[in-house]
Each structure stands twice: as C-alpha cells, then as structure tokens.
Amino acid sequence: MNKVFLIGHVGKDPKGGDVQGSRYCTFSLATNEGHKDAEGNWVDKTEWHNIVCWKKTAEYVEKYIKTGAQLLIEGKLRTRSWQDKETGKTMYATEIIADSVKSLDKKSSGQQDSADDLPAF
C-alpha cells in the first residue's frame, strides 16, 4: 500500500496549469520534527515535500490555499524520471500526489469563504 499523511505549512503559493485538459497545481510543504540531542538541547528538523494536486483538488488549492497555510495532506508517493536535456543524465523527483487536502487553519472572526468552510478535497 502506498499511503502518505503529512501535516505541514505551505512554502509558496500554489502554481497551476493544464495538461491535456486536466487542471493541476504544485506547491511545497514543510514538515517539522523535533528531538533532543545528546546534550539535551531541542533540535528541529524541517523536511520539504513537493505536492502535486489534480482536477477539483487543484482548483480548490489554487483558490483557497496561500503561503503559510497549515494543511493535512493525504496522498501517495510517486517518483518520476526524465533525461536532462543538457547532460543526458537521468534525473529523478519524488512527489506526493495529493488525494485529499484539508486546511487546518482556524477561521478568523469576520473572515468569509475560508478553506475551513469547504469540505476537504
């Protein structure tokens, strides 16, 4: 089974486009993990993940999600490869293909149309 759950913050506003009539968008998500080192000092480690959304999920993310938003992502890992045009070397990228995106940000008073008002996509 290929299943990933991530909770993190959006690094940059999502960027979208169309491929063969299907809407997509991509963005980076930072997750943090902490532990104490041998001296007892707290150490934070940040991991960056490349997220890809398709169709209705992409439309939702493009419309409502901005830099800094806290999200719960459910999806699957996918590694793709391509040939670098200059060197001919095979390049690889590992991405999370998001099946579901849910905003975890709290709604501000007076704010309308927040992602919290919508179902997860």
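Figure 1. The model is predicted, so local features need pLDDT of at least 70 and side-chain atom pairs count only at pLDDT 80 or more, while totals for chains, interfaces and linings use all residues. Residues are numbered from 1 along each chain as its sequence is written, and side-chain values use heavy atoms, with hydrogens and water left out. Helices (H or I, at least four residues) and strands (E, at least two) are DSSP runs, numbered from the N terminus. K3 is partly exposed, at 39% relative accessibility, and E74 is also partly exposed, at 24%. Buried here means under 20% relative accessible area, exposed means over 50%, and partly exposed lies in between (1.4 Å probe, protein chains only).

Figure 2. The side chains of E62 and R23 meet in a salt bridge with an N to O distance of 2.8 Å. E62 sits in helix α1 and R23 in strand β3, so the pair ties together parts that are 39 residues apart in sequence. Both residues are partly exposed: E62 has a relative accessible area of 25%, and R23 has one of 24%. A further salt bridge links E47 with K45, whose closest N and O atoms are 3.0 Å apart. E47 is partly exposed at 35% relative accessible area, and K45 is partly exposed at 44%. Through shared partners, salt bridges join D18, R23 and E62 into one network.

**Figure 3. Strand β5 and its two pairings.** Strand β5 covers residues 70-83. Strand β1 (residues 4-10) pairs with β5 in the antiparallel sense over 6 bridges, and two strands count as paired if DSSP finds at least two bridges between them. Strand β6 (residues 90-103) also runs antiparallel to β5, and 13 bridges join the two. L71 in β5 stands opposite G8 and also opposite S103 in β6. The hairpin of β5 and β6 has 6 residues between the strands, and within this hairpin G88 takes a positive phi near 80°.

**Figure 4. S103 and the backbone of D105.** S103 lies in strand β6. S103 counts as buried, because its relative accessibility is 6%. A polar atom of the S103 side chain lies 3.3 Å from the backbone nitrogen of D105. A polar contact is a pair of N or O atoms within 3.5 Å; within protein, one must be able to donate a hydrogen and the other to accept it, and residues adjacent in sequence count only if both atoms are side-chain atoms.

**Figure 5. Nonpolar surface patch.** F5, I7, L72 and L104 form a nonpolar patch on the surface, and together they have about 350 Å² of accessible area. Patches are made of residues with over 30% relative accessible area and no salt bridge; like charges are joined within 9 Å and nonpolar side chains (Val, Leu, Ile, Met, Phe, Trp, Tyr) within 5 Å. Accessible areas come from the Shrake-Rupley method with a 1.4 Å probe, and for residues only the protein chains shown count as cover. L72, one of the patch residues, is placed in strand β5 and is partly exposed, with a relative accessible area of 30%.

Figure 6. Q20 is not a glycine, yet it has a positive phi of about 45°. Q20 is found in the loop between β2 (15-19) and β3 (22-36), and it is exposed, with a relative accessible area of 82%. K55, also not a glycine, has a positive phi of about 55°. K55 is placed in helix α1 (residues 55-64) and is exposed at 54% relative accessible area.

**Figure 7. The whole protein chain.** The chain has 1 helix and 6 strands, in the pattern β-β-β-β-α-β-β along the sequence. Of its 121 residues, 29% are buried. The chain exposes about 8,300 Å², and carbon and sulfur atoms supply 49% of that area. Among contacts between residues at least 6 apart in sequence, 54% join residues at least 24 apart, where contact means heavy atoms within 4.5 Å.

How values were computed:
Salt bridge = Lys/Arg side-chain N within 4 Å of Asp/Glu carboxyl O.
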